[in-house]
Amino acid sequence: MASIAVCPGSFDPVTYGHLDIITRASKVFDTVVVAVLNNQSKNPLFTVQERLDLLKEVTKDLKNVEVDYFNGLLIDYATEKKANAIVRGLRAVSDFEYELQIASMNRKINEDVETFFIMTNNKYSFLSSSIVREIAKYNGPVTDLVPCAVEKALKDKFGYPRD
């Protein structure tokens with residue numbers, strides 16, 4: 001049986017930290033579905049379509065990675081995709097408690113889907129999409145934080161000239 005993992009997130013925007021987790025998961029699972037959560041309660045910077053396009057661009061060299069979006073419960077989406085795993089990145093111990101609660105509830109709903117935690121690379125342990133958005137909002141340097149396509153999209157979104 002092929003192993004299929006869902007790697008969920010808001011990816012608003014996708015960062016090198018996200019890309020690190022996606023790339024490493026792609027070496028473990030036959031297929032990795034990067035799934036953008038369409039969370040109506042948040043006010044994202046990028047539309048779902050923009051996030052999908054950016055993810056497709058930055059993962060185009062990872063042949064076993066697909067990009068999609070979902071609404072509702074992650075475990076329902078994983079079941080729909082016939083995934084046997086959910087991959088979550090952990091930056092710090094503080095992430096673990098929340099992620100453990102979610103993983104436990106997902107397992108209660110569907111015990112056939114396992115959750116795998118991947119520790120982020122130390123150089124990305126401080127990195128979050130919200131930090132990137134804040135820096136980019138004031139035209140700060142994000143070159144080391146996000147892929148080039150994302151940096152360009154951020155500059156466009158905030159109305160700054162591209163270099």
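User: What should I know before I start?

Analyst: In this predicted model, local features need pLDDT of at least 70 and side-chain atom pairs count only at pLDDT 80 or more, while totals for chains, interfaces and linings use all residues. Residues are numbered from 1 along each chain as its sequence is written, and side-chain values use heavy atoms, leaving out hydrogens and water.

User: In what order do the strands of the sheet lie?

Analyst: Strands of a sheet pair through backbone hydrogen bonds, either parallel or antiparallel. Helices (H or I, at least four residues) and strands (E, at least two) are DSSP runs, numbered from the N terminus; two strands pair if DSSP finds at least two bridges between them. Here 5 strands form an open sheet ordered S3-S2-S1-S4-S5, with parallel pairing. S3 (65-70) and S5 (114-119) are at the edges with a single partner strand each, so one side of each lacks a neighbour in the sheet.

User: Which strands does helix H2 lie across?

Analyst: Helix H2 (residues 48-58) lies across S2 and S3, at about 170° to S3. Such angles run from 0 to 180 degrees between N-to-C directions, with axes fitted to C-alpha atoms, for helices over the stretch in contact (heavy atoms within 4.5 Å).

User: Which residues touch the most other members of the largest nonpolar core?

Analyst: A nonpolar core joins buried Ala, Val, Leu, Ile, Met, Phe, Trp, Tyr and Cys residues through side-chain atoms within 4.5 Å; buried means under 20% relative accessible area (1.4 Å probe, protein chains only). Among the 34 residues of the largest one, they are Ile22, Val34, Leu55 and Leu154. H2 gives the largest share, 5 residues. Beyond its neighbours within four places in sequence, leucine 55 contacts Phe11, Val14, Ile22, Val34, Val36 and Val67.

Technical notes:
Buried means under 20% relative accessible area, exposed over 50%, partly exposed in between (1.4 Å probe, protein chains only).
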